[in-house]
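Work through the exercises below with the model open. Try each task before reading its solution.

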Amino acid sequence: MLSIIPPLPLFVLFLLLLFFSRNGFSQIHGFGSIDLKRMQAENLCNVVPPISRSTNYIALRYCSFPTEITALGVKDCICSQYMVVFQYGSAVLFNIEDHEVESYLEIVRRHASGLLPEMRKDDYAIKEKPLLVEDMQGGADYIVLKTLDTDSIRIIGSVLGQSIALDYFVSQVDGMVEEFADINRAMEKTGTFTMDRKKLLQLVGKANSNLADVILKVGLFERSEIAWRDAKYAQIYEYLREEYEVTQRFGNLDFKLKFVEHNIHFLQEVIQNRRSDLLEWCIIFLLSIENIISIYEIVWG
């Protein structure tokens, strides 16, 4: 079973849990950005050696005693639990039982910041089938892999983490779109609006930072090094991005940001015109005072 947790300057912390008695499901929740250096330093014995120089994530391996085996008195250590933690806030847990989830979340939570008030959930099944002829097969809300190895875990986690991060940013932009829709409706009725310049500049900053975070921090369009080196991982990567419509959803996000940008420019012009009108009235007032003084001096010598 899989769980993802999504903020960023509120970043998004996502938890992806995968329990796979050869099958798995994903659930999506939410946190904040992760201090990977500190987390790695405190969990050195569990760190899986990186395959690249990327500092965007770390992979951790944990050994567990499955409940069924422990009940039989067998104590052989089974290293089948993994957690991949991404700097922008995604934590992906594999092969974790429900009663263990909170303890793993606490490991991430100690190094997370910008906790979100909302929790998001989703489900996605991952199945391992060693006798599969092809490397992978996709289906409705699930994927079947011939081998679920560490690189597969990294690939799956990266796409699902990016997907839920994109979900978060879409919700942020939707909030801005709704805010401007309310302003436009109010202007339609009253012929004016009450937003001040500071609030408008805050919206400008929020819109720009959301787009920058999606592209730079989440790395939505950065090619996976694992997928680049091996065609079978590239197949998984491209399938999941298509399954989650990552490119299309970013296109929708970009369209909404353009709507926000158009409204911001319009309102900036209105505010600027207001300031110009105010300055004009101030000048008229000062000229009037000057004329009155001149007339007074002429009349009264």
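## Exercises on a predicted model

The accessible surface of the protein comes to about 16,600 Å², and carbon and sulfur atoms account for 57% of that area. The model is predicted. Its secondary structure consists of 8 helices and 11 strands. Of the 301 residues in the protein, 46% are buried.

### Exercise 1: α4 against α5

Task: Classify the packing of helix α4 and helix α5 from the angle between them, then list the residues of α4 and α5 that meet.

Solution: 

1. Locate the helices. α4 covers residues 150-190 and α5 covers residues 197-217.
2. Take the geometry. The axes are 10 Å apart, and the packing angle is about 155 degrees.
3. Classify. An angle over 145 degrees counts as roughly antiparallel, so α4 is roughly antiparallel to α5.
4. α4 and α5 make a left-handed crossing.
5. List the contacts. α4 supplies L166, F169, Q172, V173, M176, E179 and F180. They meet K199, L200, L203, K206, A207, N210, D213 and V214 of α5.
6. Sort by class. The contact of α4 with α5 has 9 nonpolar, 2 polar and 4 charged residues.

### Exercise 2: α4 against α7

Task: Repeat the analysis for α4 and helix α7, starting from the crossing angle of their axes.

Solution: 

1. Locate the partner. α7 spans residues 231-243.
2. Take the geometry. The axes of α4 and α7 come within 10 Å, crossing at roughly 20 degrees.
3. Classify. Angles under 35 degrees count as roughly parallel, so α4 and α7 are roughly parallel to each other.
4. The crossing of α4 and α7 is right-handed.
5. List the contacts. From α4 come D151, S152, I155, I156, S158, V159 and Q162. From α7 come Y233, I236, Y237, L240 and R241.
6. Sort by class. The contact of α4 with α7 comprises 7 nonpolar, 3 polar and 2 charged residues.

### Exercise 3: The setting of V48

Task: Decide whether V48 is buried or exposed, and name its contacts beyond four places in sequence.

Solution: 

1. V48 sits in the loop between α1 (36-42) and β5 (57-64).
2. Apply the cut-off. Buried means under 20% relative accessible area. V48 has 8% relative accessibility, so V48 counts as buried.
3. Find the contacts. Leaving aside neighbours within four places in sequence, V48 touches A59, L60, R61, Y82, T150 and R154.
4. Check one pair. V48 and Y82 are 34 residues apart in sequence. Their C-alpha atoms are 9.2 Å apart in space.

Methods:
Residues numbered from 1 in each chain as written. Predicted model: local features only at pLDDT ≥ 70, side-chain atom pairs only at ≥ 80, totals over all residues. Heavy atoms only, no water. Helix = DSSP H or I, 4+ residues; strand = E, 2+ residues; numbered from the N terminus. Buried < 20%, exposed > 50% of the residue type's maximum accessible area, 1.4 Å probe, protein only. Areas by Shrake-Rupley, 256 points an atom, 1.4 Å probe, with all protein chains shown as cover. Axes fitted to C-alpha atoms, helices over the stretch in contact; angles between N-to-C directions. Parallel < 35°, antiparallel > 145°, perpendicular 65-115°, else oblique. Left-handed = near helix turned anticlockwise from the far one by under 90°. Contact = heavy atoms within 4.5 Å. Nonpolar A, V, L, I, M, F, W, Y, C, P; charged D, E, K, R; others polar.
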